[in-house]
Amino acid sequence: MCGIAGLFDLSRGQPAGALDRAVRNMIDTLDHRGPDGQGTFVDEAGGVALGHRRLAVIDLSDAGAQPMTSANGRFVIAFNGEIYNFAEIARALPQSTSALRGHSDTEVLLESCARFGIDGTLGRSVGMFAVALWDKRERILTLARDRLGIKPLYWARAGRMILFASEIKAILAHPAFEPEIDRDALAAYLRSGYVPTPRSIYRNLFKLRPGTVLRLTSTDAPMKAALGTAPDRGRKHAGPADHRPRSRRHRTGGPPDRRRARPAGIRRAARRFPFRRHRSRPPSSP
């Protein structure tokens, strides 16, 4: 299962020791998600700390431990999930980076991000995932979630601090975040029985939408984009085969009698599946 957590101090005013202690307190709340190990990464100059609780599945050796740094030293990843076609992605890596240290899907994903970028990598990735990727050179923190939202990922504002984690309790463990009930979210829960995305029960704490990439820098407002598809030669629409445009019969769900029987939400989701790129501002707190 694994669990990830971390923080981005936009003011970059905390020493490495304080960042490490804060992220360790966060991942301590996620020990049930990863009993096989834990790790942290701190970039004091960038104001970033990443934490990971590990449930070892594919690569049981220390080569699969996280947070993991790319071979070129530029990118660091904290990953929760599984990439089903990671062997296919590994074959696409150039010869110079094909000698991987281990055989985990995390390392393949990381090296692909270093070579093709996170948009191109996630566009060709088939799986369930929640990802935090830190670019040490550009000082950009990228959060991403799989298209169906199988793996959870929350993020929050706390003054000049951005916090994120697999579960809300890890964010509550950071002293900078002051929990305050979101009355609109509470009303939605009482009305519908759940809190709709992107809200959570707390103000300034949000669920990252499924199929969304969130980029954070210390100078710009957060930017969101939908997961795109990977570029490929000879195909107008690239990416995993399951997401390529199909025949008219498949796109519309079959004959008219079967199409009427499908819930409206499924039809809307099918039309949205090409994942056209867009950017929008993050939800504002009430």
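Visitor: At the start of helix α6, which backbone nitrogen does a side-chain oxygen of Asp 182 reach?

Guide: In this predicted model, a side-chain oxygen of Asp 182 comes to within 3.0 Å of the backbone nitrogen of Asp 184, at the start of helix α6, which covers residues 183–192.

Visitor: And what follows α6?

Guide: Helix α6 is followed by Gly 193, and the phi of Gly 193 is positive, near 90°.

Visitor: Switching to Thr 40, where does that residue lie?

Guide: Thr 40 belongs to strand β2, which runs over residues 37–43, and with a relative accessible area of 24% Thr 40 is partly exposed.

Visitor: Which residues is Thr 40 in contact with, leaving aside its neighbours within four places in sequence?

Guide: Those contacts are with Asp 20, Val 23, Arg 24, Ile 27, Leu 50, Gly 51 and Pro 67.

Visitor: What joins the side chains of Thr 40 and Asp 20?

Guide: Their side chains are joined by a polar contact of 2.8 Å, and a polar contact of 3.4 Å also joins the side chain of Thr 40 to that of Arg 24.

Visitor: Now the cysteines: is Cys 2 buried or exposed?

Guide: Cys 2 is buried, with a relative accessible area of 8%, and Cys 113 is likewise buried, at 4%.

Visitor: How many disulfides turn up in the whole structure?

Guide: A search of the whole structure finds 0 disulfides.

Conventions: Residues numbered from 1 in each chain as written. Predicted model: local features only at pLDDT ≥ 70, side-chain atom pairs only at ≥ 80, totals over all residues. Heavy atoms only, no water. Helix = DSSP H or I, 4+ residues; strand = E, 2+ residues; numbered from the N terminus. Buried < 20%, exposed > 50% of the residue type's maximum accessible area, 1.4 Å probe, protein only. Contact = heavy atoms within 4.5 Å. Polar contact = N/O pair within 3.5 Å; in protein donor to acceptor, adjacent residues only side chain to side chain. Disulfide = S-S within 2.5 Å.
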